[in-house]
Amino acid sequence: MCLMSIRHLRGAESLLKRRCSRSCHHPRPSTPTMNRFFQILIPSDWRNRKKLPKNESSRGSANTQIEGTHQSDPVPRLPVKRSQGPSLVDPTPPKAPAGGFFSNAHHVNMYNPIMQDFSNQAADTFMENFARYIIPGAAYDSSARFPPPRCHAGTRLETVRRARSFFNASKRKKRLLWIVGPAGVGKSAIMQTVAETSPNLGASLFFTVNLRDDPSKFATTLAYQISVHHLTYRENLRAQVTRDSTLLEKSITAQFEAFFIHPFTVSLVHGDSEPLLILIDGLDECAGTEAQCQILELILGFITCYPSSPLLWIIASRPEPHITSFFDQSVETNLYHKLELSYNSKESQQDVERFLRDRLSKIRDRYLLGLSHLPQWPPESQFLPLVGAADGLFAYAEAVSRFIEDPNIADPSSQLEIVLDVINYTSTAPAGNQSAPMAQLYALYDRIISPIPAHVLPVTKQILVANGVVGSFDIWPAFGAACQWIGLTPSKAYSAVHHLYSVLDIPSPRIAFKKTSRVTARHKSFVDFLCSRFPDLEKDEQLFFSLFTRVLKDIPLGPGLGEQPSQHIILHWADPHKSAQKQKTEMYSYASRKMGESKLLKQHLLSRDPNAIHALHVMSIGLDPKQRMLERQRYAYSWLLKDGSLRAILRKQKLLHDWQIGSVDLQCINTDNLFHTICKSGQEVYHSLTRVWGSPKCDQQDGNNHKASFRKPDQDSRHYKSEAMTPCKCKCTRTAWKHLDYIRKHSPETLVKAYIPAHRRGIVICDLPDRERKDVKWTYVIPYIFPRTRS
């Protein structure tokens, strides 16, 4: 074909395209069709020479196309089918179908693309869900422990070397190393250093009393950390959890078998790789002596039955009697090695002296202006008594250096003089039950808290208990929240702990409401000191009861109460992340529920405590659908159902009234709360209710708005007990409403109990027999809004 013919054909192509673009009544010829037409007339070698017009790719022209693959192309190109487009004069771009590649995109040029569609793949949430069942902040590199206790530079070198080389030195015949020593000798610092410098670390768990001490999450915490770095192990756990979704909630024994025995001895997920090191620090700080022994039994049983498993264990603890007895009596010495630390050893003495010299040198450099007039600080005459008082105890060296450096005082020379006075006094006074270094440490602690004014000390003790520094309650995870419940402004809160920065980690106001930003002891020895110095701190339940009544006391009685009692609660330290009304509502609901659950409520009512009686008048008594009321069979009015001895007091306080059921107006039902049904019956009715309430087929079922509980007879009762809590308008309650309506019509004089608080949103308790079976008794707790006119 001649060159002239080619030019004519190209001209015809251009003319045809222009005519198509001018047409308003005929559809545009599709680009693939035109290409096929001209491919017949123009040879491939000439077509390949055709160049795109300048800037055509950037014009967004309707003629822009993605060319298909051709036999002469070096790399195959992705063929893309185009649907019939609209008229070229239509300025509106075509609507792309939802989903797929480049949804709603247009004017796209692609050359040799490689694409893969992941739009239908669900996100992997296995590890995210797994993390909900671990002890947060227990790993060696967790920010919750920052800064962690570490061995000071140049100290504990021999102990760390022995700990790291133990398994090689014994040719791994012994699979467990027990590091044991008294409080303050530096066990946690050694474990932290070993964890940071061990290349084969599998997992670490640092228990902390009252903070990270949940034994039920022992196995999951270690397994999660191993899963992060070992894919084969993670997939093994994923398969097990997929088969049994309740595995993460099972007992420690079941989880240990699933997370350690099965993967490492049956599935052999680690193979012939280097053994993994598992570190457990502060076993004695795990909650409960029985749980501590159970953990030891599981680990010792594991290394006994599977001596060739690829897991090596290091456990650090104090020489508590039950732990020492377990190792001495229950474990063969060829299974473990004992590394005992002592504060009066030569290594400890030298390391503590080095630590104190370095720390005091840094303090001197920091306060150079105030100490520059001294030829040497501290002089040896002052430094040597300090080393002697420490007597190899790192906890003392750490506490005394922080006390001397206290930035709130900013006078290290005077602080050192105070310490020396304490040392001189303690050296001449009888030590009592404490060893020499612990006596010096407790004397130092006593001196640290002594500047707290007598009228401030009770507030300081409340902060220590409410934040979980001492005691067994763990309610408020943030420093600011605990102080809000105590009724402290920020200035009063920080004033109460102003002198304790050397022994406590205290969050700043900026993060005071951040989750887990609570006050914590720098060392457990200070917690031990507080418990021995203030035995009343162990009575934490009494403190919390007083805090609940304090919050409810803000709510007045009388006509000014209104329909929202929570609006009267005073916020002394507001959470910046929540609205004021939300904080008040949450505090009101929580205080009301905890008041009803408290074991101390009865004795306070019997003693006619005015604060407790006031709380009963103003607190919420109904069942909030957002709360989990069936836990431990406690809810805001459980005490009223179980104990009839308090009813006389409640009647005298005009809280409890006897009504006839015919007076109950079903139009006054408080539908914001749940309807509570309790059935005491024989076995037959019990099983029937289990089937009905256990898996309700209800169109109004949503989340937690249906709750059920079933209990078999025990020594105190011969009846089966079934409970259900449902929305008042739910069809699940139709049978109960029919029963109530029947009694109202046929026995209107039947007496029921009406609990009427000051805000008039109370409950009506109906104890009724079954209409057909004499062995079945029903109790209905109806949320009720009492009219103001009724006395």
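A salt bridge is counted here where a side-chain nitrogen of Lys or Arg lies within 4 Å of a carboxyl oxygen of Asp or Glu. The structure is a predicted model, in which local features need pLDDT of at least 70 and side-chain atom pairs count only at pLDDT 80 or more, while totals for chains, interfaces and linings use all residues. Residues are numbered from 1 along each chain as its sequence is written, and side-chain values use heavy atoms, with hydrogens and water left out.

The protein chain has 30 helices and 14 strands, taken as DSSP runs (H or I of at least four residues for helices, E of at least two for strands) and numbered from the N terminus. Of its 791 residues, 45% count as buried, where buried means under 20% relative accessible area, exposed means over 50%, and partly exposed lies in between (1.4 Å probe, protein chains only). Among contacts (heavy atoms within 4.5 Å) between residues at least 6 apart in sequence, 73% join residues at least 24 apart.

Helix H8, spanning residues 218–229, is mostly covered, since nine of its 12 residues are buried; among them are Phe 218, Leu 222, Gln 225 and Ile 226.

Turning to charged pairs, the count comes to 25 salt bridges. Lys 753 forms one with Asp 767, their closest N and O atoms being 3.2 Å apart. This pair links distant parts of the chain, with Lys 753 in strand S12 (residues 751–755) and Asp 767 in strand S13 (residues 761–769), 14 residues apart. Lys 753 is buried at a relative accessible area of 13%, whereas Asp 767, at 41%, counts as partly exposed.

A second bridge joins the side chains of Arg 318 and Asp 528 at 2.9 Å, N to O. Here the partners are 210 residues apart, Arg 318 lying in the loop between strand S4 (311–317) and helix H12 (321–330), and Asp 528 in helix H22 (residues 524–533). Arg 318 is buried, with a relative accessible area of 12%, while Asp 528 is partly exposed at 21%. Both residues belong to a network of salt bridges that also links Asp 284 and Lys 524. In the bridge between Lys 250 and Asp 244, the N to O distance is 2.6 Å; Lys 250 is partly exposed at 37% relative accessible area, and Asp 244 is partly exposed at 23%.
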